[in-house]
Structure formats: structure tokens, C-alpha cells
Amino acid sequence: MSFGGVSSGVNAPVQRSTRSSDTQVLIRTLERLTGLRPGESRIGRLTAFAHARASAQEQSVQDYLRSLSRRTMADDRDEFIALATNRETSFFRGTRQLQLVGDHVLDPLLAVGAPGPVRIWSAACASGEEVLTLGMMVRELIDRPAERGPRPAFQLLGTDICRRAIETAQNGRYPMIAESRLGRSRAERFFDSDDGALVVRPDELPNISFAIHNLLDAPRFGQFDVVVLRNLFFYLSDSAAVRVIDNIEAALKPGGVLVLGANDGMVLGSRFEPIGAHCYRWSAR
Ligand SMILES: C[S@@+](CC[C@H](N)C(=O)[O-])C[C@H]1O[C@@H](n2cnc3c(N)ncnc32)[C@H](O)[C@@H]1O
């Protein structure tokens, strides 16, 4: 660990000793692949999935689970991860925290007419609502009458471990009910309505791209002014949380800002200076 102390402090350790050996292998497999520590109901679902797949392939459950890391098992691994993840999200969720990004990062950059590009990463974006929310907020800031100088370019990236979630984000198609979170005027400006769905209008938004990415892996997207990583740490084991924070640290520009979720309960090292609720500025080592 490269800084002074991180603890998710939320998830009680899973009691492994009373579990069957199949369940122990399942929990270890999930933690190795994702860093997640599953609750009971998820263990039940994953166990049913693993039993069905193992029996279809005439394998033991443990052999099947161990095979999930193989390159040839990508489809099964994707399904396993889709079953393992809680992908709850919505447009304009926890906007007070996102507003801090506006106050501490975007407003100052816009005020001095920084050349940019300003880079923002929503690092566990689920089906994309969080990064689209940031995109709408940026667009609305850019639209304000210029205080000084030209507007910088913005690049927004949304990533998630779950292929299904990223495919939804890339399709940019959301149920009409999302309008209640967006409000009528944003829904009309940033989305077309098509056959009972809201479809993103990319030309109204800054540049936004999506990619599948496991936060246990080294970051590969360059460095960012802002990383938003909300509502993931709650589900991670302590060792996975340490690894993820190290990876996020490597992806922040000096002076960059990290935004966590209200329930993430992280204790970060001294290089992360609190600048608002669940919002930290990172100083380079
Ligand atoms: C509860 S959602 C949070 C979505 C969004 N950040 C928000 O707050 O609305 C948690 C997301 O973390 C993703 N996730 C879980 N483990 C991950 C990992 N190791 N790397 C990247 N994403 C992960 C899940 O697929 C899920 O979409």
C-alpha cells in the first residue's frame, strides 16, 4: 500500500469456515475476479448459476469456478459478473457530491479559461447514468456566459467491469420513467423519445466514451482531473479496496479530485485532502 491507511470498514468478513467447500471456492473466485464480497442472496444466485453451468459441461462446480479466469470462458465470466454485481444507479443521483465537482474543479477551470482538455472518469458507471449526468452538468456550465477566455474541451469516460452495463451505456437508451429524475427540460434537450424510450443525443453533450474496465487492474486511460467512484467500496473486500485506491491514485493528475459515494465509508491516506463531503483533492507524492 502506497499511502497511510485505507479501510472500507463496512463489510464484515464473510464467515468461511461454516461454508461448504464449493461455496468457499465461489467466494474466492468472485473476490479474485472482481474484489466483491457477496451477501447471502447473491451467493445463492451465483451458486445456482455455477451448478447449472458445471452440470451442463459435465464438470465439478469447483473445476468450473476455477476455469472462469480462462480467456476461453469470457462469456461465462461476463454472466457470472452480471449476476454478482449490484448495478443500481440513476440520473442525478447524489447531486450534492457532483455539485462539488462543479464548485472545486470546473468553475475554477472555466474562470481562468484553461486550455484543457478537462478529463473526468466515472470509474464504476454501471449503465452510464452517472457519466451522462456529469455530461449534462458540464454542458450547462459551458453554456453560461463566458467569464474569461475560451471554454476548454471536455473528455468524459465511463467504465464498469460489467459488459452488460457498458453495452446499455453505449446504446444510450433508457426507460421513459427516467424523465422523472431528469426533469422535462433536460429530457427534451439531451434525449430523443423513441418508442417509449429516451435516447441520448450525443451532439448536445461533451465528448463521452465508455469502456469495460476492472478497477483491480492497472488504469489504462491516462490521467484525469476528476475521478468519480461512487457506491462501489461498500461492496469490496478491504484488500480489494486498497488495490482500487492505489489504481485510482495512479490515474489522478496532481491536484485532481476524487469523489466517493455517501455510503462508501473510506478512510483515505493523508495525500487525499478533504474538500467537501466525500470529495478529496489528491496531492502528488
Ligand atoms: C452500485 S453501482 C454504482 C453506479 C454509480 N457509480 C452510482 O453511484 O450510481 C456499482 C458498480 O460497480 C461495478 N463494479 C463492481 N466491481 C467492479 C470492479 N472490480 N471494477 C469496476 N467496476 C466494478 C458494478 O458492475 C456496478 O455497476
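This is a predicted model: local features need pLDDT of at least 70, side-chain atom pairs count only at pLDDT 80 or more; totals for chains, interfaces and linings use all residues.
Angles under 35 degrees count as roughly parallel, over 145 as roughly antiparallel, 65 to 115 as roughly perpendicular, and the rest as oblique. Residues are numbered from 1 along each chain as its sequence is written. The protein chain is divided into domain 1 (21-84) and domain 2 (95-282), with bounds that come from an automatic or database domain assignment.

**The two domains**

- The C-alpha centres of domain 1 and domain 2 lie 30 Å apart.
- Eight residues of domain 1 are in contact with 11 residues of domain 2. Two residues are in contact if their C-beta atoms, placed from the backbone, lie within 7 Å.
- On the side of domain 1 that touches domain 2, helix H1 (21-34) and helix H4 (74-84) are the elements that give two or more residues. Helices (H or I, at least four residues) and strands (E, at least two) are DSSP runs, numbered from the N terminus.
- H4 gives the most to this side, with three residues.
- By class, this side of domain 1 has three nonpolar, two polar and three charged residues. Ala, Val, Leu, Ile, Met, Phe, Trp, Tyr, Cys and Pro count as nonpolar, Asp, Glu, Lys and Arg as charged, and the others, Gly among them, as polar.

**Helix H1 with helix H4**

- The axes of H1 and H4 come within 11 Å and cross at roughly 100°. Axes are lines fitted to C-alpha atoms, for helices over the stretch in contact, and angles run from 0 to 180 degrees between N-to-C directions.
- H1 and H4 are therefore roughly perpendicular to each other.
- Leu-30, Leu-33 and Thr-34 of H1 make the contact with Arg-77, Ile-81 and Ala-84 of H4.
- Four nonpolar, one polar and one charged residues make up the contact of H1 with H4.

**Helix H1 with helix H2**

- The axes of H1 and H2 come within 11 Å and cross at roughly 105°.
- This pair, H1 and H2, is therefore roughly perpendicular.
- From H1, Thr-23, Leu-26 and Leu-30 meet Ile-43, Leu-46, Thr-47 and Ala-50 in H2.
- The contact of H1 with H2 has five nonpolar, two polar and no charged residues.

**Helix H2 with helix H4**

- The axes of H2 (residues 40-56) and H4 come within 9 Å and cross at roughly 160°.
- H2 and H4 therefore run roughly antiparallel to each other.
- H2 contributes Arg-42, Arg-45, Leu-46, Phe-49 and Arg-53 to the contact, and H4 contributes Asp-76, Phe-80, Leu-83 and Ala-84.
- The contact of H2 with H4 divides into five nonpolar, no polar and four charged residues.

**Around the ligand**

- The ligand is surrounded by 24 residues, and the closest are Thr-85, Thr-89, Ala-124, Ala-126 and Leu-215. A residue is near a molecule or strand if its C-beta atom, placed from the backbone, lies within 6 Å of it.
- The shell around the ligand has 10 nonpolar, eight polar and six charged residues.
- Domain 1 (21-84) and domain 2 (95-282) each give at least three residues to the shell.
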